Amino acid sequence: MANYVGRIEFPVKIDLGRGLEGAITNITKVGFVDGEKGRLIYRGYSIEDLCKHSNYEEVAYLLIHGKLPTRKELESFDALLNAEAKLPDSVMQMIAAMPRDAHPMNMLQTVIAALGCHDPAGRKITEYVSNPADGLASEVAVGIRILSRLRTAASAIARVRQGLQPIQPDPKLSFTANYLYMMYGEKPDPVTEQVIDVTLILQADHGMNASTFTSMIVHSCLADMYSTIAAAIGSLRGPLHGGANEAALDDLEHIGGPAKAKDWVAAKMAKGEKIIGFGHRVYKAYDPRARVLKTYAEKLCHDRGMAQVFDTAVAVEEAVCAAMQTAGKPIFPNVDFYSGLVYQAIGFPPPLFPVIFAVSRTAGWVARVLEYLPENRIFRPRAVYEGPMEATYVPIDQRG
Ligand SMILES: CC(C)(COP(=O)(O)OP(=O)(O)OC[C@H]1O[C@@H](n2cnc3c(N)ncnc32)[C@H](O)[C@@H]1OP(=O)(O)O)[C@@H](O)C(=O)NCCC(=O)NCCS
């Protein structure tokens, strides 16, 4: 099938292609990925401003409720996140019983589905559809509960993988500090907390990416929020989406230093292989998240004995960008190229990289499915059938 299948000029000029490239799902006010200019906006605010002035709780509030909170509203939101953070004992026991070498995203998906079994409110979505006048309050509450508990589950999974007992949250801590406290058993230092908070802000929403689209599809069937988020986690697990930063870091650590980067890139390209951490369906300019993370990665890597791997990353970036520019297909690093370096520098285990992505992206998933619900229409695209139309059934013992 040809890659290019048509052009529409309204509401934006786009090329339609395979993989639903260019297809429009809905009208949104949650966020905008400006691929031409390399900008990312949440509810009108640039991610650069949010990283500088805000924190993850405030950004989650902004995405879900559609406006920046007053101090009082933020305090109530924080209190709610803390009040909802504990997992039922049976779910903690279930996590503790999981195989230590299981993929953490499989574990996380299982835990979210299990939490759905413990939350009768999660099954009330169809009540909203029958009585829309009652508003979205119940669905919003379930979304915020999942946002908080998914973070607790992520920390518990990290501990169980190391053979440690899970820790319940400390209600006095911020969202990010609590996440790290439950993971490591001690309060994080301010630098680590700030760096992780920035990575959570940067990945909280990103247009109609695969996992967000997955969440939209599942919720559009009026499935409960737990099924919605569990499905989105499944999508995020893949190496073309949330699993890319671990693979990118692994490459950087095996190249053998900046001097070998150019040959490594040339060899990969000669074999027609993609360089993980580069390219993007929407960005045709530098990914703004990668720009922020590159600055953090440079400082952290130089301070924490990882200068060589950072310099290798810069050399790979130069080689890939130059080669692709020459080939007439300019591509740039995406968020995953530098996020792995940042996580590694602060001691975050690589198999957990997609898990922190899920902790962050839950705010975007919840915000977008809630926005769509009042206008809900089930997603149902079509495929072009190219198979036979008049096949004659042959009984099994006559098929040779
Ligand atoms: C992100 C990604 C899945 C987007 O896929 P996509 O929108 O379908 O883009 P395409 O694969 O069609 O890329 C367009 C062209 O650029 C090339 N290209 C894209 N990403 C590339 C990469 N990382 N390395 C080398 N070439 C790349 C493709 O080969 C293609 O060339 P072609 O037209 O000659 O086939 C893709 O760029 C990729 O696989 N990147 C590596 C994985 C990754 O970093 N994922 C994290 C995403 S945030």
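The helix pair in question is α9 and α17.

Analyst: This is a predicted model, in which local features need pLDDT of at least 70, side-chain atom pairs count only at pLDDT 80 or more, and totals for chains, interfaces and linings use all residues. Residues are numbered from 1 along each chain as its sequence is written, and side-chain values use heavy atoms, with hydrogens and water left out.

Helix α9 covers residues 190–202 and helix α17 covers residues 353–372; helices are DSSP runs (H or I, at least four residues), numbered from the N terminus. The two pack at an angle of about 65 degrees, with their axes 8 Å apart. Axes here are lines fitted to C-alpha atoms, for helices over the stretch in contact, and angles run from 0 to 180 degrees between N-to-C directions. The crossing of α9 over α17 is right-handed, a term for a near helix turned clockwise from the far one by less than a right angle.

On the α9 side, Ile196, Thr199 and Leu200 take part, and they meet Ile356, Val359 and Ser360 of α17; contact means heavy atoms within 4.5 Å. By class, the contact of α9 with α17 has four nonpolar, two polar and no charged residues. Ala, Val, Leu, Ile, Met, Phe, Trp, Tyr, Cys and Pro count as nonpolar, Asp, Glu, Lys and Arg as charged, and the others, Gly among them, as polar.
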